[in-house]
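Work through the exercises below with the sequence and the 3D structure open. Each task is followed by a solution in steps.

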Amino acid sequence: MSVTASSVENILKKVRPRYTAKGMVDLGTPEDTLIATLLSARTRDEQVLKVYPGLRKQFPRIQDLAEASVPDIARCISSIGLYRNKAKAIQALARMLVEEFDGRVPQTMDELIRLPGVGRKTASCVLWYGFGIPAMAVDTHVFRIVHRLGWAKGKNAEQVEQELMKLIPRRWWGEVNRIFVQFGRDVCRPGKPQCWRCPVAALCPFQPKTKV
Ligand code: SF4
């Protein structure tokens, strides 16, 4: 089964209608998306969304976070994992945004990944959800599913990101993460995928397909 832009698009078109929820870190503004994505490392999105409003109520402007102490930030997010490290990262991030970017979130991958604690996945989420700029966010779900589908062979997220950007039409880049995060939690799960109820089982080379 050869993998082409049109075979990939065919699969995405079959999967997308089942997963219509918006991205969990799609909070509307680049700043909110950036901070929420940082908080979401090794933490369930629901937990992030619980603490996020309180954090921004206490520190509404990026300048407020830059001037806040790490313990004060940590207190607002203490119910999530790694909260002390995340508080440090948020303070450092806010300071750099104020000092180098006039308090605004930059709009390029190269600038975004210079920010402390920001990797390519977070930067891609900010570009797409925050600015509407197509970018390929490769997280653990995307990485696993595209390997099973035979779309990529890369050993790390950056290699896979490059492969996918060559293969997948640009108009899908931003959507791939949103669709596959939901598909990966529901059907193409870590460990054992649920191939028997997969809408693209006939198009997927993964073997052996799991049965009920
Ligand atoms: S057939 Fe199985 S491995 Fe392939 S995409 Fe569907 S659930 Fe994942």
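**Exercise 1.** Decide whether Val160 is buried or exposed, and find what is in contact with Val160.

Solution. Step 1: apply the rule that a residue is buried if 20 or more other C-beta atoms lie within 10 Å of its own, exposed if 12 or fewer, and partly exposed in between, with C-beta atoms placed from the backbone. Val160 counts as buried because it has 20 C-beta neighbours inside 10 Å.
Step 1: locate the residue. Val160 sits in helix H10; helices are DSSP runs of H or I with at least four residues, strands are runs of E with at least two, and both are numbered from the N terminus.
Step 2: list the contacts, where two residues are in contact if their C-beta atoms, placed from the backbone, lie within 7 Å. Leaving aside neighbours within four places in sequence, Val160 is in contact with Val138, Phe143, Val146, Ala152 and Gly154. Val138 is 22 residues away along the chain, and the two C-alpha atoms are separated by 7.3 Å.

Before going on, note two points about the source. Residues are numbered from 1 along each chain as its sequence is written. The model is predicted: local features need pLDDT of at least 70, side-chain atom pairs count only at pLDDT 80 or more, and totals for chains, interfaces and linings use all residues.

**Exercise 2.** Describe the secondary structure and the overall dimensions of the protein.

Solution. Step 1: count the elements. The protein has 11 helices and 0 strands.
Step 1: compare the radius of gyration, taken over C-alpha atoms, with the globule rule, which is 2.2 Å times the number of residues to the power 0.38. The radius of gyration is 18 Å, close to the 17 Å that the rule gives for 212 residues, so the protein is as compact as a globular protein of that length.
Step 2: Along the principal axes, the C-alpha atoms fill a box of roughly 55 × 35 × 30 Å. Of the 212 residues, 36% count as buried.

**Exercise 3.** How many residues do domain 1 and domain 2 give to their contact?

Solution. Step 1: take the bounds, which come from an automatic or database domain assignment. Domain 1 covers 5-22 + 136-203, and domain 2 covers 30-131.
Step 1: count the residues in the contact. Domain 1 gives 8 residues and domain 2 gives 5. On the side of domain 1 that touches domain 2, helix H10 (residues 157-167) supplies the largest share, 3 residues.
Step 2: sort that side by class, counting Ala, Val, Leu, Ile, Met, Phe, Trp, Tyr, Cys and Pro as nonpolar, Asp, Glu, Lys and Arg as charged, and the others, Gly among them, as polar. The side of domain 1 that touches domain 2 has 4 nonpolar, 1 polar and 3 charged residues.

**Exercise 4.** How many residues of helix H2 are buried, and what covers them?

Solution. Step 1: count. Helix H2 (residues 30-39) has 8 of its 10 residues buried, including Leu34 and Leu38.
Step 1: find the cover. It includes helix H3 (45-58), helix H4 (62-67), helix H6 (83-101) and helix H8 (120-131).

**Exercise 5.** Which residues are closest to the ligand?

Solution. Step 1: a residue is near a molecule if its C-beta atom, placed from the backbone, lies within 6 Å of it.
Step 1: 13 residues surround the ligand, and the closest are Cys188, Cys195, Cys198, Cys204 and Phe206.
Step 2: by class, this shell has 10 nonpolar, 1 polar and 2 charged residues.
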